[in-house]
Amino acid sequence: YYAFDNPSALNIPLRKWMLGEEAIAMNDILSFQVQLSLLYSLYSAPNVILPVLTGAWMDRWGTGWMLAGLSGLVCVGQAVFAAGVARRSWLAMQAGRLLFGLG
């Protein structure tokens, strides 16, 4: 749950990191909030279809393999997200959240 709420919990520090410490125009703040919301949308989008698919996959490959694979996706997704934050790259952060959501 900590990794899921990471962007929201770090809203202000993340905004300062991505946009800079100086005075920020309202347009920049709105753009940031849209990007921040998109991170949650990308996390949630896979969960529309995945419950149907993962049920069939569990029957085919078993719970152990699925648990390992999905847990791996969560870890990789969080690592990609963290690398995106370090590089100030919204695209990498979004890709990380999508992988995280797939897991």
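At roughly what angle do the axes of helix 4 and helix 5 cross, and within what distance do they come?

The secondary structure of the protein consists of six helices and zero strands. Followed along the sequence, these elements give the pattern α-α-α-α-α-α. The C-alpha trace spans about 55 × 20 × 20 Å along its principal axes.

Before the details are read, the confidence of the prediction deserves attention. The mean pLDDT of the protein is 86, and 96% of its residues reach 70 or more. Confidence is lowest in helix 1, residues 2–9, where the mean is 75. It is highest in helix 6, residues 90–102, where the mean is 93.

Helix 4 covers residues 50–61, which is 12 residues in total. From its first C-alpha to its last, helix 4 reaches 15 Å, close to the 16 Å expected at 1.5 Å a residue. Just after helix 4 comes Gly62, which takes a positive phi of about 95°.

The opening question can now be answered. The axes of helix 4 and helix 5 come within 7 Å and cross at roughly 125°. Helix 4 is therefore oblique to helix 5. On the side of helix 4, the residues that meet helix 5 are Thr54, Trp57, Met58 and Trp61. Their partners in helix 5 are Thr63, Trp65 and Met66. Sorted by class, this contact has five nonpolar, two polar and no charged residues.

Helix 5 contributes Leu70, Leu73, Val74, Val76, Gly77, Gln78, Val80, Phe81, Gly84 and Val85 to the contact. From helix 6 come Ala92, Met93, Ala95, Gly96, Arg97, Leu99, Phe100 and Leu102. By class, the contact of helix 5 with helix 6 has 13 nonpolar, four polar and one charged residues.

Conventions: Residues are numbered from 1 along each chain as its sequence is written. This is a predicted model: local features need pLDDT of at least 70, side-chain atom pairs count only at pLDDT 80 or more; totals for chains, interfaces and linings use all residues. Side-chain values use heavy atoms; hydrogens and water are left out. Helices (H or I, at least four residues) and strands (E, at least two) are DSSP runs, numbered from the N terminus. The expected span of a helix is 1.5 Å times one less than its number of residues. pLDDT is the predictor's confidence in each residue, from 0 to 100. Contact means heavy atoms within 4.5 Å. Ala, Val, Leu, Ile, Met, Phe, Trp, Tyr, Cys and Pro count as nonpolar, Asp, Glu, Lys and Arg as charged, and the others, Gly among them, as polar. Axes are lines fitted to C-alpha atoms, for helices over the stretch in contact, and angles run from 0 to 180 degrees between N-to-C directions. Angles under 35 degrees count as roughly parallel, over 145 as roughly antiparallel, 65 to 115 as roughly perpendicular and the rest as oblique.
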